[in-house]
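Trainee: I am new to this structure. Please take me through one part of it up close, and show me how that part connects to the rest.

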Amino acid sequence: MSRAIPGLHHVTAISGPPQANVDFYIGIMRQRLVKRTVNFDAPDTYHLYYGDQTGSPGTILTFFPFANAGPGRAGPGMASAVAYRVPQGGLEAWMVRLADDAIDFVGPFERFGERMIALTDPDGLGIELIEATGPSGAIEADEASGNNGFHSVTLLFTDPAPTARVLTALLGYEEAGREAADKTERLRFRSPAGERGNVVDLIRPETPAVGRQGAGTIHHIAFRAETIAIQREWRERVAAFGLDVTPVIDRQYFEAIYFREPGGVLFEIATDPPGFTVDETEAELGTHLKLPPQHERRRADIERVLPPIRVPT
């Protein structure tokens, strides 16, 4: 087993009504809806998964869309942005595409020597597109969707030191740089064990806003465990580090453990197997409402409550 987490498995956020979310991430961001299911704890709400053609670990952005969700705001102890990786020279095409779709963005500008732009989704969630340099920039895009997966996530703190210790001493990340811009200090950490989604940035604004969960905020970030056995070892490590960690929870497409790091962000470690083709073929992914076994007997009631979704072609 590696002494470092290889990177992100998925990121889960909260949105408003599902149709606007689907239109943006499929129609604008060119992601694939790889699974439509429900929130296991609130089955009258969708849980939507976007990713590459097969929902590969490190490409998956998921949402709990609440039709009546109030607007959220990122603050200390929360993730504030998720970044996708763009191949070298690919940012211009994205800027033209976004301009054609009348989507506002900021940039291009540089961060740690990498060109990037920043935008927001319909609920205000921060989305970044970054031309990755080094080995991670060489990962080939999914042929069908052009999806290069995640570059990084950004976490917001008044004091990043305790979280930095979790990343380095527990999860095996290495310090990879420090920048200051617009009265905000940014610390970069990189996993040496992976390439896709292997960067975590910690920022400390001079005057951070008070955060609140709601539409446009990130609920939790999930790191990757390549096998079930490796995840069990990580659970032992997290507990030995002195953090409260949940039992293993079956999420149907992966097994999950959760713990809250000292700064307040909810961390998850999710397994690669069994993956999203366990109950749909690759060609069918995202086309059917898939329910966990405990909710299957309520299918008629659940389908009656969930709003219909039209998937852009």
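**From a salt bridge to a helix**

Mentor: Start with E303: at 41% relative accessibility, this residue counts as partly exposed. The cut-offs are under 20% for buried and over 50% for exposed, so a value in between is called partly exposed. Keep in mind that this is a predicted model.

E303 has a partner. Its side chain meets that of R299 in a salt bridge, 3.0 Å from N to O. R299 is partly exposed too, with a relative accessible area of 22%. Both residues sit in helix α5. They are 4 residues apart, which separates them by about one helical turn.

Now step out of α5. The loop between β16 and α5 holds E280. E280 forms a salt bridge with K35, and their closest N and O atoms are 2.8 Å apart. K35 lies in strand β2, and 245 residues separate the two partners, so this pair links distant parts of the chain. Both K35 and E280 are buried.

Next comes strand β16. D272 in β16 pairs with R224, which belongs to strand β13. Their closest N and O atoms are 2.8 Å apart. D272 is buried, at 18% relative accessible area. R224 is partly exposed, at 26%.

Which residues of α4 are buried? They are I230, Q231, W234 and V238. They cover an arc of only 100 degrees around the axis, so they lie on the same side of α4. The other side has exposed residues: A229, E236 and A240.

What about the length of α4? It spans residues 228-240, 13 residues in total. From first C-alpha to last, it reaches 19 Å, close to the expected 18 Å. Just after this helix, G242 takes a positive phi of about 95 degrees.

Last, the wider count. A search of the whole structure finds 17 salt bridges. Elsewhere, E114, R186, R188 and D201 are linked in a network of them.

Technical notes:
Residues are numbered from 1 along each chain as its sequence is written. This is a predicted model: local features need pLDDT of at least 70, side-chain atom pairs count only at pLDDT 80 or more; totals for chains, interfaces and linings use all residues. Side-chain values use heavy atoms; hydrogens and water are left out. Helices (H or I, at least four residues) and strands (E, at least two) are DSSP runs, numbered from the N terminus. The expected span of a helix is 1.5 Å times one less than its number of residues. Buried means under 20% relative accessible area, exposed over 50%, partly exposed in between (1.4 Å probe, protein chains only). The arc is that of the directions from the helix axis to the C-beta atoms. A salt bridge is a side-chain nitrogen of Lys or Arg within 4 Å of a carboxyl oxygen of Asp or Glu.
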